[in-house]
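Hi,

Here is the structure I promised to hand over. My notes follow below it.

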Amino acid sequence: MKKWEIAVIPGDGIGKEVVPAALDVLRAVADVHGGMTFSFTEFPWSCDYYVEHGKMMPDDGLSILRNFDAIFLGAVGNPALVPDHISLWGLLLKIRREFEQVINIRPAKYFRGLSSPLAEPHEFDFIVVRENSEGEYSEVGGRIHRGEDEIAIQNAVFTRKGTERAMRYAFELAQKRKRHVTSATKSNGIFHTMPFWDEVFADVKRDYPDVATASYHIDALAAFFVTRPHMFDVVVASNLFGDILTDLGGAIMGSIGIAPAANINVNGKYPSMFEPVHGSAPDIYGKGIANPIGQIWTAKLMLDHFGEEELGALLLNVVEEVTADGVKTPDIGGTATTKEVAAEICRRLREHA
Ligand SMILES: NC(=O)c1ccc[n+]([C@@H]2O[C@H](COP(=O)([O-])OP(=O)(O)OC[C@H]3O[C@@H](n4cnc5c(N)ncnc54)[C@H](O)[C@@H]3O)[C@@H](O)[C@H]2O)c1
Ligand SMILES: O=C(O)C[C@@H](O)C(=O)O
Ligand SMILES: [K+]
Ligand SMILES: [Mn+2]
């Protein structure tokens, strides 16, 4: 019997609702498999934890997480208790960086049973490869003076290694898909880092002559996500551009509540982390109506990561069937609760046991 050791961090807000729902689904997945179990170890690290301990996670938090096969996370952030940059950098970004989860994979596709806000969504199916370790997200910079003379400086950091790594990952992914990579740039307005990004892209693409490419400035690209999302296969983007594009990816599917993400450690030194694209949604927390699909699809990405692609495909198929049959939370036009959606997915999964 194969046993996967999973560190579970529900985090804040609706993370505490969608994570338990997705764990139930993973238990059902294990039953379907028959030869596999999950051991879930839960950690209460969150903004509530911060209020009590003055930090988002204990000092030895990372060494505890290190021994797990994967980390399954909900969402981090409760601005009523802790400023967002403190909570994010103290937990989510800390894990991404210290565990060298340098790539963030974020798929979006035309999803059965959902009405996209696009008039003609066609059958789009793309993956954004978000550089996850550097770029616009950096602690380099500072603030001086106060008042009228106040200055804030934030430096973006683009290394050749990090940039190339994200691009190569995108090209190799495209080779297993429709052989097309789009680069998200902004080399007209961003004077140093984005021309550099374009140069590295030009260098890297020479190594993949079987993959077609396109490059668009991020503003135009954002519009194309709305007007012609079906033309994309793999999109490679910097940390911030990838962040923004993937909320948009969720939106054109029908709700940001269904979009999944995988923070991948590519060198095998540390566990990878699986979490939905969305945050803690304080506006709906506590009502029991958060859409669990983003968290459940994230579980599918974890199954893929473990080499259980067949089970992953079955899981996503069942989720789409349940959606198409109208068992949906309010964000996608239904009346079901988080728990009802998860229970229906579990019930249908067990029919495959
Ligand atoms: N990876 C993360 O953990 C992550 C991601 C984004 C935001 N955040 C944090 O979450 C907090 C709230 O941020 P925000 O409001 O900008 O983004 P958000 O993603 O939490 O919410 C944006 C909107 O989408 C809706 N939404 C999100 N997930 C949903 C779901 N599963 N079902 C139904 N509706 C859903 C919310 O109700 C809200 O209207 C902040 O503290 C922010 O820093 C964390
Ligand atoms: O990376 C971030 O900015 C946090 C959150 O918005 C995310 O997309 O994971
Ligand atoms: K999240
Ligand atoms: Mn985001």
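Which strands does helix 5 lie across? Helix 5 (residues 160-175) lies across strand 4 (103-109), strand 5 (125-131), strand 8 and strand 10 (234-237). It runs at about 160 degrees to strand 5. Axes are lines fitted to C-alpha atoms, for helices over the stretch in contact, with angles from 0 to 180 degrees between N-to-C directions. Contact between two residues means C-beta atoms, placed from the backbone, within 7 Å. Helices (H or I, at least four residues) and strands (E, at least two) are DSSP runs, numbered from the N terminus.

Helix 9 (residues 293-305) also packs on the sheet. Helix 9 touches strand 3, strand 4, strand 11 (260-264) and strand 12 (272-276), at about 155 degrees to strand 12.

Some ground rules. This is a predicted model: local features need pLDDT of at least 70, side-chain atom pairs count only at pLDDT 80 or more, and totals for chains, interfaces and linings use all residues. Residues are numbered from 1 along each chain as its sequence is written, while chains are lettered from A and ligands numbered from 1 in the order written.

The sheet: ten strands, open, mixed pairing, in the order 2-1-3-12-11-4-5-10-8-9. Strands pair if DSSP finds at least two bridges between them. Strand 2 (36-42) and strand 9 stand at the edges with a single partner strand each, so one side of each has no neighbour in the sheet. Neighbouring strands are turned by 25 degrees against each other on average, direction ignored.

Two parallel pairs deserve a look. Strand 1 (residues 2-11) and strand 3 (residues 70-75) share five bridges; I9 has L73 of strand 3 as its bridge partner. Strand 8 and strand 9 share six bridges, and T185 stands opposite H217 in strand 9.

Strand 8 is mostly covered, with five of its six residues buried. Buried means 20 or more other C-beta atoms within 10 Å of the residue's own, exposed 12 or fewer, partly exposed in between, with C-beta atoms placed from the backbone.

Helix 7 (residues 218-227) has I218, L221 and F225 buried. Seen down the helix axis, the buried residues fall within an arc of 55 degrees (taken from the directions from axis to C-beta atoms), so they line one face. They pack against strand 8 (180-185), strand 9 (212-217) and helix 8 (239-253). On the other side, D219, A220, A223 and T227 are exposed.

Finally, ligand 1. Of the 24 residues around it, G77, G257, H278, G279 and N291 come nearest; a residue counts as near if its C-beta atom, placed from the backbone, lies within 6 Å. Helix 4 (residues 84-98) gives the most to this shell, with three residues.

Best wishes
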